[in-house]
Amino acid sequence: NKTLNDIRISRACQLLSATDRSITDIAYSVGYSDYRYFKKVFLSCMGMLPSEYRVNSELVKRSEKDVL
């Protein structure tokens with residue numbers, strides 16, 4: 001079973017890779033009222049900070065475009 005945090009972090013990952021919304025805005029939109037707590041949970045679940053995740057997802061997108 002996925003926990004509520006897993007569901008929230010999964011949605012945050014989608015938003016981080018698909019939008020330019022601020023990380024704070026994404027944190028609030030997926031249900032975290034404290035940005036610092038969101039960063040802590042994200043790091044625990046994903047092994048990286050939300051900002052690092054966004055940069056990595058942008059690099060993956062660019063490399064996929066280069067292959068095509």
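The following legends describe several views of one predicted model.

View 1. Along the principal axes, the C-alpha atoms occupy a box of roughly 40 × 25 × 15 Å. Of the 68 residues in the chain, 26% are buried; buried means under 20% relative accessible area, exposed over 50%, and partly exposed in between, with a 1.4 Å probe and protein chains only. A contact means heavy atoms within 4.5 Å. Among contacts between residues at least 6 apart in sequence, 49% join residues at least 24 apart. Residues are numbered from 1 along each chain as its sequence is written, and side-chain values use heavy atoms, without hydrogens and water. In this predicted model, local features need pLDDT of at least 70 and side-chain atom pairs count only at pLDDT 80 or more, whereas totals for chains, interfaces and linings use all residues.

**View 2. Helix α1 meets helix α3.** The axes of α1 (residues 4-18) and α3 (residues 35-46) come within 10 Å and cross at roughly 95°. Axes are lines fitted to C-alpha atoms, for helices over the stretch in contact, and angles run from 0 to 180 degrees between N-to-C directions. From α1, the contact involves N5, D6, I9, A12, C13 and L16; from α3, it involves Y37, F38, V41, F42, C45 and M46. These residues divide into 10 nonpolar, 1 polar and 1 charged. Here Ala, Val, Leu, Ile, Met, Phe, Trp, Tyr, Cys and Pro count as nonpolar, Asp, Glu, Lys and Arg as charged, and the others, Gly among them, as polar.

**View 3. The largest nonpolar core has 14 residues.** Such a core is a set of buried Ala, Val, Leu, Ile, Met, Phe, Trp, Tyr and Cys residues joined through side-chain atoms within 4.5 Å. I9, A12, L16, V30, Y32, F38 and F42 have the most contacts inside this core. Helices α1, α2 (23-29) and α3 each supply at least two of its residues, and α1 gives the most, with 5. Not counting residues up to four places away in sequence, F38 touches I9, A12, I23, A27, V30, Y32 and P50.

**View 4. I26 is buried in helix α2.** The relative accessible area of I26 is 0%. Leaving aside residues up to four places away in sequence, I26 touches A12, L15, L16, T19, R21 and R54. I26 and R54 are 28 residues apart along the chain, and their C-alpha atoms are separated by 12 Å.

**View 5. The structure contains 2 salt bridges.** A salt bridge is a side-chain nitrogen of Lys or Arg within 4 Å of a carboxyl oxygen of Asp or Glu. In one, the closest N and O atoms of R21 and D25 are 2.8 Å apart. R21 is partly exposed at 30% relative accessibility, and D25 is partly exposed at 34%. D34 and R36 also form a salt bridge, at 4.0 Å from N to O. D34 is partly exposed at 34%, whereas R36 is exposed at 64%.

Technical notes. Helices (H or I, at least four residues) and strands (E, at least two) are DSSP runs, numbered from the N terminus.
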